[in-house]
Amino acid sequence: MYQLALSRMREFYREPEAVFWVFGFPIVLAFALGLAFRNTGPGKLQVGVAGGPGDSALAAVLDTATARLGLRTGRIALLVIPGDSIVYRYDSTRTESGLARLEVDDVLQRARGRKDLVAVSDDRVVAPGSRYIDFLIPGLLGMNLLGSGIWGVGFSVVQARQRKLLKRYMATPMRRSHYLLSFILSRLVFLIVEVVALVGFGWLLFGVAVRGSFAALGGITVLGSFAFAGLGLLVASRAKTIEGVSGLMNLVMLPMWILSGTFFSYSRFPDAMIPYVKALPLTALNDALRAVMIDGAAVTTLGTPLAIVVAWGAVSFVIALKIFRWR
Amino acid sequence: MAVAGLDLTVAAGECFGLLGPNGAGKTTTIEILEGLTPPDTGDVEILGTPWRDGAAGRALRERLGIQLQETQLADKLTVSEVLALFRSFYRQSHTVAEVLALVELDEKRNARVVTLSGGQKQRLAVACALVSKPELLFLDEPTTGLDPQSRRQLWEIIRRFRAAGGTVLLTTHYMEEAERLCDRVAIMDHGKIIAQGTPKELIASLGADHVVDFAPTEGGIPADLVEVLRQMGGVTAVRMGSDGISLTVVELHRALPALLALLKERGVELSLLTTHHATLDDVFVALTGRQLRDT
């Protein structure tokens, strides 16, 4: 089994594309998203002012058509139509429009002589842990474990089946369970590299800290990795062609990428969906990772999500072993 | 159903060949014997034991060496890594260095599988079968698609294995290979065994030791001439092929001059005339009426 796992690893690291997709891609993604959503305050808000009487008090003046277009395409957040009473036209579902309305109103009211009733002063803080990148890194870690588990296992199994290598192994005294376990073992070794690379990257570049213990983080990623390797085996247990298995993999992974709170919180989905979303292995893993990395939670408080992760892994592995096509 | 009603026995220490055109059922047969395909009915005993699941099956596999027809080993591994992997499946085995010497791949030990030539890949596949020090070696079309030199190298490996006391069961569609390597052969066609015996016995069953092929320049040969040929001394069989006529003859030195005299007398011009010693190919043609290579 040691030799099997060793071969698995050699085959993997001699495949430069695979190495990039497993290790490089999440880091590139974290870098790009980290840059795009870095905390620069609320950002500049573009406010348009429709031409009309009394517009001289205001800076950028747009003709009516351009103003409407700008509002519709989101280039401006708020359209101010001057007059005896000022009209703010904006989309109330857009966060930045709401902000723009408050700011513009504030400025205009003060300009007309409104006095603040209470003196206020701003005390700005940036707390690591509440930024988008802090939310993102655990999610990417979970997604990466999912991807490398399913791709890493699925493609090698189907390729071995296609090349009649599985059949050749069947012609030896090798134990079938050893073959399947070798995948999990080799995943474990790569797991260490994946976790260190991504967490280290987040820490160095964005100062994303791990609040909880590293042991807890390690334990959770191991469980997650086992679960996804099991899922990968299940996905690959019957497929005969690479094309076939690719379709299945996407079917398994795409919904989880979207639903499981990798890039944004799943609490945005309707309440009725949340229990189902929470039952997905990636959701449970992401929740556990965030609890440890952001909240510094102890493993003992994470019984439910970890039980979900383990259950997915164990059930998939057992089913995979039962229905596996060895030839 | 790919094969039916097969009954064959391979004795310890011999080299037995399953011979037949593509699609005759050779691979199905050998995979049933290897315990990879369960037979619908019937009994298989290997080294005196039937196939069983679990520990008994694994114990039997310890004693076998198997090369499959279509296996492609992992491209990215080196030769010695592949052998180390296969070696790890067995309780007792050759060292990697020993088995590399057996198949003469020493100088390729650190080459990746993807860089090997066809012949080298095939020798590596055979090395994976030999690494377990098997008592019985199964080879499924070991030399198909190889150049003559690679083929001879593989024959040499098989001969050495036999010289050390091993038993071999191989399939091939090269009659020449079977004649050279095998003590006994079974000829298969359409999933059945149509003849079985030593190559010598099978050739002798033709009742003649030479085959004469000839073709006239134009037109066919009159039907009455065929009848005359059949009656000619030394001729045991006459077969009309698509591109000529083929005679099976006992005494070439008498039959050939007589044939030429007859053709001259009838004014038939020849575009082709060849003779050869009777081979297993001719046995196959005699049994099925088809050329082995046409199928």
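Let me begin with chain B of this predicted model, where four strands form an open sheet in the order β10-β11-β9-β12, with antiparallel pairing. Strands here are DSSP runs of E of at least two residues, helices are runs of H or I of at least four, and both are numbered from the N terminus. Two strands count as paired if DSSP finds at least two bridges between them. At the edges of this sheet stand β10 (235-241) and β12 (270-277) of chain B, each pairing on one side only. From one strand to the next, the twist averages 15°.

Within this sheet, β9 (residues 210-216) of chain B and β12(B) are joined in the antiparallel sense by seven bridges. One of the residue pairs is B:His210 with its bridge partner in β12(B), B:His277. Helix α9 (residues 223-231) of chain B lies across β10 and β11 (244-249) of chain B and runs at about 150° to β10(B). For such angles, axes are lines fitted to C-alpha atoms, for helices over the stretch in contact, and the values run from 0 to 180 degrees between N-to-C directions.

A note on conventions. Residues are numbered from 1 along each chain as its sequence is written, while chains are lettered from A and ligands numbered from 1 in the order in which they are written. As the model is predicted, local features need pLDDT of at least 70 and side-chain atom pairs count only at pLDDT 80 or more, whereas totals for chains, interfaces and linings use all residues.

I turn to the other sheet of chain B. Six strands form an open sheet with mixed pairing, in the order β4-β5-β6-β1-β7-β8. Its edges are β4 (64-67) and β8 (192-197) of chain B; each has a single partner strand, so one side of each is left without a neighbour in the sheet. Strand β1 (residues 15-19) of chain B runs parallel to β6 (residues 167-172) of chain B, with five bridges joining them. Here B:Gly17 has B:Leu170 of β6(B) as its bridge partner. Helix α1 (residues 26-33) of chain B packs on this sheet, touching β1, β5 (136-140), β6 and β7 (184-189) of chain B, and its direction makes about 155° with that of β6(B).

Next, the interface. Contact between residues means that their C-beta atoms, placed from the backbone, lie within 7 Å. By that criterion, 21 residues of chain B are in contact with 17 residues of chain A. On the side of chain B that touches chain A, α2 (55-61) and α3 (79-87) of chain B each supply at least two residues, and the largest share, four residues, comes from α3(B).

In chain A, helices α8 (residues 214-235) and α12 (residues 303-323) pack at an angle of about 30°, with their axes 7 Å apart. That angle makes α8(A) roughly parallel to α12(A), a term applied to angles under 35 degrees. Residues making the contact include A:Phe226 of α8(A) and A:Trp312 of α12(A).

Finally, confidence. pLDDT is the predictor's confidence in each residue, from 0 to 100. Chain B averages 85, with 97% of the residues scoring at least 70; its lowest confidence is in α9(B), at a mean of 79, and its highest in β5(B), at 92. For chain A the mean is 80, and 85% of its residues reach 70 or more. Over residues 53-59 of chain A, pLDDT stays under 50. The model scores ipTM 0.81 and pTM 0.75.

How values were computed:
Contact = placed C-beta atoms within 7 Å. Parallel < 35°, antiparallel > 145°, perpendicular 65-115°, else oblique.
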